[in-house]
Amino acid sequence: MDVEAKLFDLTSRLDRHEARCEERDKTMFSRLDNLDKQFRDLHSLLTKFGIIVITGMAGLIISLMM
């Protein structure tokens with residue numbers, strides 16, 4: 001192979017590699033966005049649960065004191 005053919009082959013391989021990496025990046029960022037949303041939903045649920053538990057405990061304490 002001459003230098004020009006090797007350069008063409010290398011350029012072609014690099015282009016294919018970049019295309020695959022770009023697709024992987026899109027997939028990874030999409031999955032990370034989904035995980036971020038799930039963590040936000042979980043945080044919201046745990047916050048609500050904590051408020052319910054604290055309110056219930058406060059109600060129990062108040063009713064025992066009466």
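Select D36 and R40 to begin: their side chains meet in a salt bridge, with N to O at 3.2 Å. A salt bridge here is a side-chain nitrogen of Lys or Arg within 4 Å of a carboxyl oxygen of Asp or Glu. What you have open is a predicted model, where local features need pLDDT of at least 70 and side-chain atom pairs count only at pLDDT 80 or more, while totals for chains, interfaces and linings use all residues. Residues are numbered from 1 along each chain as its sequence is written, and side-chain values use heavy atoms, with hydrogens and water left out.

Why are D36 and R40 separated by about one helical turn? Because they are 4 residues apart in helix α1. Helices are DSSP runs (H or I, at least four residues), numbered from the N terminus. Color D36 by accessibility and you get 41%, so D36 counts as partly exposed. The scale runs like this: buried is under 20% relative accessible area, exposed is over 50%, and partly exposed is in between (1.4 Å probe, protein chains only).

Next, pick K37 and D41. Their closest N and O atoms are 2.9 Å apart, in another salt bridge. K37 and D41 are 4 residues apart in helix α1, so about one helical turn separates them. K37 is partly exposed because its relative accessible area is 45%; D41, at 43%, also counts as partly exposed.

Now jump to K26 and E22. How far apart are N and O in their salt bridge? The distance is 3.9 Å. Both residues lie in helix α1, 4 residues apart, about one turn of the helix. E22 has 47% relative accessibility, so E22 is partly exposed. By the salt-bridge rule, the count comes to 3. As a general point, side chains of opposite charge can pair when their charged atoms come close.

Time for some surface patches. Select F29, L32, L35, F39, L42, L45 and L46: they form a nonpolar patch with about 740 Å² of accessible area together. Patches are made of residues with over 30% relative accessible area and no salt bridge; like charges are joined within 9 Å, and nonpolar side chains (Val, Leu, Ile, Met, Phe, Trp, Tyr) within 5 Å. The areas come from the Shrake-Rupley method with a 1.4 Å probe, and for residues only the protein chains shown count as cover. Zoom in on L45, which sits in helix α1. L45 counts as exposed because its relative accessibility is 56%.

For the positive patch, select R13, R16, R20 and R24. Lys and Arg count as positive and Asp and Glu as negative, leaving out His and the chain ends; each charge is placed at NZ of Lys, CZ of Arg, CG of Asp or CD of Glu. R24 lies in helix α1, and R20 is found in helix α1 too. Is R20 buried or partly exposed? Partly exposed, because its relative accessible area is 46%. Try the distance tool from R20 to M57, 37 residues apart along the chain: their C-alpha atoms are 55 Å apart.

Last stop: S63, in helix α1 (residues 3–65). The S63 side chain reaches the backbone oxygen of L60 at 2.9 Å. S63 is partly exposed because its relative accessibility is 47%.

Conventions
Helix = DSSP H or I, 4+ residues; strand = E, 2+ residues; numbered from the N terminus. Polar contact = N/O pair within 3.5 Å; in protein donor to acceptor, adjacent residues only side chain to side chain.
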